[in-house]
Amino acid sequence: MDINKLTFQERYVYDGLSEGVKESLLDFKTDNFAYLDMVRMYLNKIYGDKANWKQLVAQQESDYNYQRLHKPVCGIDDVNTIDNNKLLELINEDSAYLSIVDIVLKLMPQVEVDNKLYTSKLLLVGQLLGLVPSFAEVPIKPLNSFMIDFMSITKEDIESILSNREKSYYLYFAEKTLVQYYLDGLQVTYPIVGTVMKQPKAAYYYRGENAFYGSSKPGLYRNIDKHMSKEFKKRIGLIKYDECGAFFDNFTSILNWGCSSVNHIALMQHYGLTTSLIDITSSIKVALFFACCYWRNNEWRPLTSKHIARADSRKHVFRLGGDSRYGMLYRYKIELDDIHWALDKPEDIDGEIIPVGYQPFMRCKSQYAYTLFNQNTDYDLYKDRRFEKYKFLLTEEFCEQIYEEMDKGKAIYPDTDVPDITGYLKRIDSSKVIPKDIFDEWAKNYSKSERAQIRNALERYGYKISGRNIPVITKKEIDSINRSYTVQKVQEIIGVQPKILPLMVIG
């Protein structure tokens with residue numbers, strides 16, 4: 001085991017171990033797929049090939065109804081229609097899922113007490129998690145559906161497992177490991193972005209949009225100058241990322257943050273920089289809020305008849321080939337994404353969904369925020385087969401209902417003591433002046449002739465590289481923010497303690 005490759009959080013736990021444990025430690029992980037690998041290992045020991053995740057997912061993806069809901073969208077007629085009553089059913093389904101999570105978290109500590117397993121609790125938690133079939137007349141709807149193939153498992157098989165000490169403990173360990181995903185503040189490591197202090201796992205990833213726009217792309221790849229290539233637009237975006245990164249380095253709450261890695265690009269997206277990310281949430285109500293409301297004059301408002309009466313009610317939507325009458329809702333089962341991480345173990349985050357989690361300057365604790373990373377300039381959520389895609393007819397009544405339920409937006413953007421740095425980020429985003437030190441650092445791996453070509457291209461598109469550093473924020477403003485917004489203040493606002501639960505393999 002190479003201890004030099006441990007994350008900050010892993011090293012913190014490692015340093016607290018006894019020397020004897022350190023000497024026998026073969027592996028030490030907190031990465032996303034390590035937890036799932038452990039669950040799969042235990043389930044294989046109990047169920048054998050009935051815990052074949054790859055096969056279970058393949059069966060699901062070949063299902064006709066699955067394919068119908070997930071098919072790529074070319075036009076509005078390709079999108080599945082859903083009515084408001086069905087949307088309310090989905091909201092209730094989401095609430096029921098979270099209620100079961102609460103039950104599981106309360107029951108789990110009761111499964112083993114003083115080294116004694118209580119099989120009735122072990123069975124119930126297993127059924128709720130989807131690791132054990134339910135044989136009740138009205139079966140329990142489990143949190144997970146693709147962990148085990150229950151088709152040929154009998155009640156007698158389960159009784160045999162529970163009466164076998166070794167297998168019952170394997171089940172206990174599988175439950176205990178899987179339950180960690182539902183903890184608030186669990187630290188999990190992802191490629192590239194580092195360690196994230198996660199919010200609890202939910203049922204689905206969602207995204208809501210307040211019209212059928214004809215496509216759904218990251219902001220960086222929308223409305224590109226017809227004379228500018230997508231790749232060059234991406235290059236400008238990368239330079240802006242570096243400029244924003246330098247801006248964030250002014251703040252002690254970021255520099256001294258130790259509860260997780262700081263996801264700078266998620267902060268940039270959150271405060272309005274044009275990025276290659278797409279915002280995702282694990283809350284259907286948050287998604288519907290964005291599908292039913294609009295931002296104008298520094299406040300959120302519900303859509304009204306003037307916005308939604310006709311396909312062309314909003315001219316900018318219609319010019320894009322869209323339809324103003326419909327809202328869009330996307331959803332993707334998180335369990336399937338978890339299994340993807342376990343089976344495919346991606347080494348990059350391109351195309352992956354990553355939790356934003358708890359970190360400095362994040363106002364979106366109530367947004368249950370995730371980001372879909374994309375370096376593919378042709379990416380379009382309409383074509384992404386992972387997501388179910390629905391359109392629903394927007395009505396004033398439904399938009400007003402969602403708007404009020406989310407407290408006019410305050411349930412998503414609560415008034416907190418987090419400094420609003422939107423104006424600074426927008427200034428960077430809109431500026432055509434690139435600081436020379438930022439450009440030089442970004443271009444340092446290019447040859448001299450390549451750097452000259454990039455500079456010339458930037459100038460053709462109206463950008464200027466300047467050695468005269470005009471800061472977007474003054475020292476006085478920086479000092480004011482640093483005095484009021486300390487690491488301690490961030491932790492107080494978050495109100496959640498980080499949970500470090502590493503998986504250690506002892507030899």
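Which residue follows helix α7, and is its phi positive or negative?

Tutor: Helix α7 is followed by Gly130, whose phi is positive, near 85 degrees. Before going further, please note that this is a predicted model, in which local features need pLDDT of at least 70 and side-chain atom pairs count only at pLDDT 80 or more, while totals for chains, interfaces and linings use all residues. Residues are numbered from 1 along each chain as its sequence is written, and side-chain values use heavy atoms, with hydrogens and water left out.

Helix α7 itself covers residues 119-129; helices here are DSSP runs of H or I with at least four residues, strands are runs of E with at least two, and both are numbered from the N terminus. Its buried residues are Leu122, Val125, Gly126, Gln127, Leu128 and Leu129. Buried means under 20% relative accessible area, exposed means over 50%, and partly exposed lies in between, with a 1.4 Å probe and protein chains only. The cover over these residues of α7 includes helix α6 (84-107), strand β4 (116-117), and helices α8 (155-163) and α9 (165-179).

A positive phi also occurs in the hairpin of β5 and β6, where three residues lie between the strands and Ile192 has a phi near 70 degrees. Strand β5 (residues 187-190) and strand β6 (residues 194-197) run antiparallel and are joined by four bridges; two strands pair if DSSP finds at least two bridges between them. Within this pairing, Thr189 stands opposite Thr195 of β6.

Strand β13 (residues 369-373) is mostly covered, with five of its five residues buried. In a regular strand the side chains alternate between the two faces of the sheet. On β13, Ala369, Thr371 and Phe373 are buried on one side, and Tyr370 and Leu372 are buried on the other. Strand β8 (residues 277-281) pairs with β13 in the antiparallel sense over five bridges, and Ile278 has Leu372 as its bridge partner there. Strand β12 (residues 353-355) also pairs with β13 in the antiparallel sense, over three bridges, with Tyr370 as the bridge partner of Pro355.

Two further residues show how accessibility is classed. Lys489, in helix α22 (residues 487-494), counts as buried because its relative accessibility is 19%. Apart from neighbours within four places in sequence, Lys489 is in contact with Asp417 and Ser484, contact meaning heavy atoms within 4.5 Å. Val433, in strand β15 (residues 433-435), has a relative accessible area of 37% and is therefore partly exposed. Val433 and Glu243 are 190 residues apart in sequence, yet their C-alpha atoms are 11 Å apart in space.

As for the whole chain, there are 22 helices and 17 strands, and 51% of the 507 residues count as buried. Among contacts with a separation of 6 or more, 76% join residues 24 or more positions apart. Along the principal axes, the C-alpha atoms fill a box of roughly 75 × 60 × 45 Å.
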